[in-house]
Amino acid sequence: MRAQPKASHFVNGDYVEDTAGAAIEVVYPATGEMIAVLHEATPAVIEAALSGAAAAQKAWGATRPVERARILRRAVDLIRARNEELSVLETLDTGKPVQETTVADWPSGADALEYFAGLAPTVTGETVPLGGDFVYTIREPLGVCVGIGAWNYPSQIACWKAAPALSLGNAMIFKPSEVTPLGALKLAEILVEAGLPAGLFNVVQGRGTVGGALVTDRRVAKVSLTGSVPTGRKVYAAAAEGIRHVTMELGGKSPLIVFDDADVESAIGAAMLGNFYSTGQICSNGTRVFVQKGIKERFLSRLAERTAAIRLGEPLDPETQLGPLVSEAQLQKVLGYMQIAKAEGARLICGGDRAALNTGFYVQPTAFADVTDDMTLAREEVFGPVMAILDFENEEEVITRANDTEFGLAAGVFTADLARGHRVVAQLQAGTCWINAYNLTPVEGPFGGVKSSGVGRENSRAAVEHYTQVKSVYVGMGPVDAPY
Ligand code: NAP
C-alpha cells in the first residue's frame, strides 16, 4: 500500500480509525493498483466529529481574527514547503500528472488559506446613525460548517472550503469523495501542526450516506457542496429541512465562444486547456466550443495537430501532460459518451477511444466537430477530455444558443474586439466568465454558478457572505416613548 494514511478519519485533532465502517479501496488510476484501504465513518465517528466541532467552535469564534489568521498563515508555509510530497500524493489519489498537481492543486489551496488569513481581520460591521439612536452590525461566524467534496480537485476543494470557514471563526467537518480520500487528511494534519486547536477541522470518510448524516444534523449551520447537479438537488433539499445556509458548486456545460477575429492560436490553447487539463475533469470546462464559420477549418486543423502532440503517460513522470481518468466508472462513462457522439453524427477530429496504454483508465484527448445543439454531447456533462465544437454565424445567434442550457457555471469569449467581448459576456448566463482567457480562477476573484450550476460563491470577499451572518444591534440613547 503506497499511500496508506495513519487512519481513515481525522477527528478532534488526531487520526481516528474504526474498522467497523465499510471498506473504501483507493486505487491509483494510472495502474488500477490498490494503494490504500480506508473505512467509512461509523455513527460513532460522525458523532465525535460533530460534538467536537460544536464544542471547539465556541472558543474559536471568540478568538481575535489576527490570531486565527496567524495559524492559517503557518499552515500556508508548511504546505508550500511540502508541495512536492503533497503533490505526489494528490497524483496517486487522482491520477493527475505531477506537472499539474505541483502547480495547480495544493498551490491553489495554499493561496486560499493565505488570502482568507489576510482578509478575515478586515471583516467588520457597520454603524448606522439614526439621529441619536443608532444600529451597529456584527459579522458573526455561522458555527459548524460541513464541506462535501468532489474527486476532481480533492485537496484544493478542501482548502477552498476550510480557508473561509476557519478564518472567519467557524469549525468544519469535511467529507471528501470516497474516490479521493487522501489529501484532506493531510490538510487536517498540517492545520493542527500549525496550531489549529483540536476539533476545528475534521475529516470523515464515506459515501453519500455519511454526507447525508452530516447535512441533516441539528448542530450543523451550513453545508458547502462541490459535486454534480443531481447530488446538489439532494443535499440542497436536505439542508433546507433545517433552514441551513448552503453553497452549491455544481456541474456545467459551459460555452467557449471564438469569434473569427480572435487570436486563433490563443483560442485553441484555451480550448485545449479548458477540455484536456486534468483529463477534462473540471467543472468549469468550456465543453461547448462555438467557433465562427470563417475560421472553422483553420481552428480544426491546428487543434488536431496540437492535440496529436500531447504526451500521455505515467502521471509521476514530470514530462507527462495527460493522465488517466480518475476511475474505471468514469472511464466507462466517458467512452459511452464518445460512442453516443459518433452514433448521433458528430464528426471525429481526433481521439475517440481508449488510449493504447497497457494499464489504467486512459482515454485519448478527443474532439468532435459539427456538433449540434440537440446532440447529447452538447447537453450533458461528460467530465472527460472530450471537446464538442459547434459552428455559428453571428453574435446574436451564439448568445441565444450558449444560454440554452440548464447549467450556468462558466463561459468564455475570444475576440479582438474588446467592446464585443464585454457586450457578449454581459448577456451570458454564467457565474464566472473570461474574455480572451479561460479557466483561470485566482482566489482573489469570486467563483460559482447560476441556474442549476449552483448558489453562493467561493473565494474572494464574496465568500465572507457565505461563512458569516449579520447581527444587527439597535442602541436606544434616550428614554423609551411608550403610548401606554
Ligand atoms: P458527486 O457524485 O455529485 O459527489 C460529490 C460529493 O457528494 C461526494 O463526496 C459524494 O460522496 C457526496 N454525496 C453524494 N450523494 C450525497 C448525499 N445524498 N448527501 C451528501 N453527500 C453526498 O460528484 P463527483 O462525481 O464526486 O464530482 C464530479 C462533479 O462535481 C461534476 O458534476 C463537476 O462538475 C462537479 N464539480 C463542481 C465544481 C464547482 O466548483 N462548481 C468543482 C468540481 C467539481 P461519494 O462520491 O463519496 O459517494
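Predicted model: local features only at pLDDT ≥ 70, side-chain atom pairs only at ≥ 80, totals over all residues.
Residues are numbered from 1 along each chain as its sequence is written, and side-chain values use heavy atoms, with hydrogens and water left out.

The ligand is surrounded by 28 residues, the closest being Gly-149, Ser-228, Thr-231, Leu-250 and Glu-381. A residue belongs to these surroundings if one of its heavy atoms lies within 4 Å of the molecule. The shell divides into 11 nonpolar, 12 polar and 5 charged residues. In this division Ala, Val, Leu, Ile, Met, Phe, Trp, Tyr, Cys and Pro count as nonpolar, Asp, Glu, Lys and Arg as charged, and the others, Gly among them, as polar.

Trp-151 places a polar side-chain atom 2.9 Å from an oxygen atom of the ligand. Glu-178 contributes a backbone N or O atom, which lies 2.8 Å from a ligand oxygen, and an N or O atom in the side chain of Glu-249 is 3.4 Å from an oxygen atom of the ligand. On its own the ligand has 910 Å² of accessible area, of which the protein covers 85%; such areas come from the Shrake-Rupley method with a 1.4 Å probe, and for residues only the protein chains shown count as cover. The elements that give two or more residues to the shell are α7 (208–215), β10 (220–226) and α8 (229–241). The largest share, 3 residues, comes from α7. Helices (H or I, at least four residues) and strands (E, at least two) are DSSP runs, numbered from the N terminus.

Attention now turns to charged side chains. Side chains of opposite charge can pair when their charged atoms come close. A salt bridge is a side-chain nitrogen of Lys or Arg within 4 Å of a carboxyl oxygen of Asp or Glu, and the whole structure holds 30 of them. In one of these, Lys-161 meets Glu-458, with the closest N and O atoms 3.0 Å apart. Lys-161 lies in helix α5 (residues 154–167) and Glu-458 in the loop between β19 (454–455) and α15 (462–467), so the pair ties together parts that are 297 residues apart in sequence. Both Lys-161 and Glu-458 are buried; buried means under 20% relative accessible area, exposed over 50%, and partly exposed in between (1.4 Å probe, protein chains only).

Another salt bridge joins the side chains of Arg-80 and Asp-111 at 3.0 Å, N to O. Arg-80 sits in helix α2 (residues 65–81) and Asp-111 in helix α4 (residues 98–119), 31 residues apart. Arg-80 is partly exposed, at 38% relative accessible area, and Asp-111 is partly exposed at 36%. Arg-80 and Asp-111 also belong to a network of salt bridges with Arg-73, Asp-77 and Glu-114.

Val-128, Leu-130 and Tyr-474 make a nonpolar patch of about 280 Å². Patches are made of residues with over 30% relative accessible area and no salt bridge, where like charges are joined within 9 Å and nonpolar side chains (Val, Leu, Ile, Met, Phe, Trp, Tyr) within 5 Å. Tyr-474 is found in strand β20 (residues 468–475) and is exposed, with a relative accessible area of 53%.

Definitions and conventions: Polar contact = N/O pair within 3.5 Å; in protein donor to acceptor, adjacent residues only side chain to side chain.
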